[in-house]
Amino acid sequence: MLAKVHSCIVIGVEGLALEIEVDIASGLPMFATVGLPDGAVKESKDRVKAAIKNCGYDFPNKRITVNLAPANVKKEGAGYDLPIALGILSAGGLIPAAVLKEYSIIGELSLDGKIRGVRGVLAMVLDARRHKMKGVILPAANAMEGGVVQSIDVIPVENLYDAVEFLLERKMLSPFTTDYSPALSSIYTNGEDFADVKGQQHAKRALEIAASGNHNVLLKGPPGAGKTMLARRLTTILPQFTFDEAVETTKIHSIAGILPPDQPLLAQRPFRAPHHTISDAGLIGGGSYPKPGEVSLATHGVLFLDEVTEFKKRVLEMLRQPLEDRSVTIARANMSLSFPSDFLLIAAYNPCPCGYYGDRSNRCNCTPVQMQNYTARLSGPLLDRIDIHLEIAALPYDEMQKTSSLESSEDIRRRVDGARQIQKNRFSVWHNASTSLTNSSMNPQMVEKYCSIDNDGKRLLEKSVERLGLSARAYHRILKIGRTIADLDGADSIQRHHLAEAVQYRRIGTV
């Protein structure tokens, strides 16, 4: 007999409907799995056989063939154990085929029939809803994650026996839903606040501009100046997650297997800070079966590269496409996958290997050759893609001793929210506004329409381009920063003082 079961596979960050066909025929006992299965999928026959027997059902002592369609896509992982087991029981006449057609089924089986959680459930449930399935049967461990998706029945099961009894309508299992609204309505700061940062007013102002327009930032300064402290607090002034942003980021973290079990939907914008020894596949993504890297895990959040000059130059150069396109494409011989990488980059480095070049209190012992080699990994094209270049000085003693109340992250975030709302209203007239809601992502047509300047501004920019040797890309980035500064001021047009402030953020990148 033949049975068909619906399941799902994750390709990149999206779910792809999978049909599992199970055929039981007369002949010598055999269990064959076809359709490009990997090692874990091939081993499912042993888990499925033991689980069926240990749950009290008869395992057919016949020729069993399992086909995973579409056959041209590689299948990996153990998430097909449950649908294969139910397919065998259906082909054996226990479960009606009409009932199986209504559900997409996901889950890994243990030998005693218990169902373990799997990765990428959110993407799979979204795909099932897209295909108008009645519901999804999934592991109880993934119930909170799957329950985020509305308008589809999410049925969590603890073991194979519960799944069979539910399909036979001998046991009632209520659909599970997750209330995510409280999480999205609050800001999580992990105890970090800009009120903790003493001095560095120009740096705080630059990060406020960066948060308002989603502009990338390069921080240069001696050890202990506060670069890391400032970067770690940037997420506390970013706007609240929207539901669509939270879903996209949660999908990526779920596929990577790093979604906290008690957080079905990420409510805090991610802050990723990879070590400088990271590989290119770890940063950008990759592998024989491509997985998302740090640039994707930081989507809608912050990617912090501390001591950026210590990273391999090959790794840094791979940041060009993600910074420019807000996505990264990984090509393999049999597939090409795109991962989102819409993050805000914060890169920090010291002025020299010892860190004290130009410091009045500490002597620098670095040679010119050492200094040149130290900064050589930051190429001109990469620096050109970073909007704000900021130099931070060591904090004077009198600034450290100040005890007056400082501006909190909440105060700054109110201004950031106001500027973001202006941009949202501005770009709502564009058909692709969902991908261009910040000034940093404006295309040339938008720059021409919204970043017009008067004659004084044009003369200022002309002198700046000549003296600093700015490229056309840097010229447009200055206009975008000027537009963000004007939005923070509530100004309709970009004034000369807005451009003057924007130009000063391009200085150290030209050195």
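Let's start with Asp127, which counts as buried because its relative accessibility is 3%, under the 20% cut-off. Keep in mind as you look around that this is a predicted model. Asp127 forms a salt bridge with Arg130, and their closest N and O atoms are 2.8 Å apart. Both residues belong to helix H5, where they sit three residues apart, about one turn of the helix. Arg130 is partly exposed, with a relative accessible area of 46%.

Have a look next at Arg119, found in the loop between strand S7 (115-116) and helix H5 (121-130). Arg119 is exposed, since its relative accessible area is 52% and the cut-off is over 50%. Leaving aside residues up to four places away in sequence, Arg119 touches Met124, Ser254, Ile255, Ala256 and Gly257.

## Salt bridges elsewhere

Side chains of opposite charge can pair when their charged atoms come close. Across the whole structure, a search finds 28 salt bridges. One of them joins the side chains of Arg269 and Glu245, at 3.0 Å from N to O. This pair links distant parts of the chain, 24 residues apart: Glu245 is in helix H11 (243-256), while Arg269 is in the loop between helix H11 and strand S11 (271-272). Both Arg269 and Glu245 are buried.

Another salt bridge connects Arg473 with Asp384, the closest N and O atoms being 3.6 Å apart. Arg473 lies in helix H22 (residues 472-489) and Asp384 in helix H17 (residues 380-384), so their pairing ties together parts that are 89 residues apart in sequence. Arg473 counts as partly exposed, at 28% relative accessibility, whereas Asp384 is buried, with a relative accessible area of 14%. Salt bridges that share partners bring Arg473 and Asp384 into one network with Glu324, Arg385, Asp387 and Arg477.

## A nonpolar cavity

By residue class, the lining of the second largest cavity divides into 10 nonpolar, no polar and no charged residues.

The C-alpha atoms of Leu305 and Arg119 are separated by 27 Å, and the two residues are 186 residues apart along the chain.

Definitions and conventions:
Residues numbered from 1 in each chain as written. Predicted model: local features only at pLDDT ≥ 70, side-chain atom pairs only at ≥ 80, totals over all residues. Heavy atoms only, no water. Nonpolar A, V, L, I, M, F, W, Y, C, P; charged D, E, K, R; others polar. Helix = DSSP H or I, 4+ residues; strand = E, 2+ residues; numbered from the N terminus. Buried < 20%, exposed > 50% of the residue type's maximum accessible area, 1.4 Å probe, protein only. Contact = heavy atoms within 4.5 Å. Salt bridge = Lys/Arg side-chain N within 4 Å of Asp/Glu carboxyl O.
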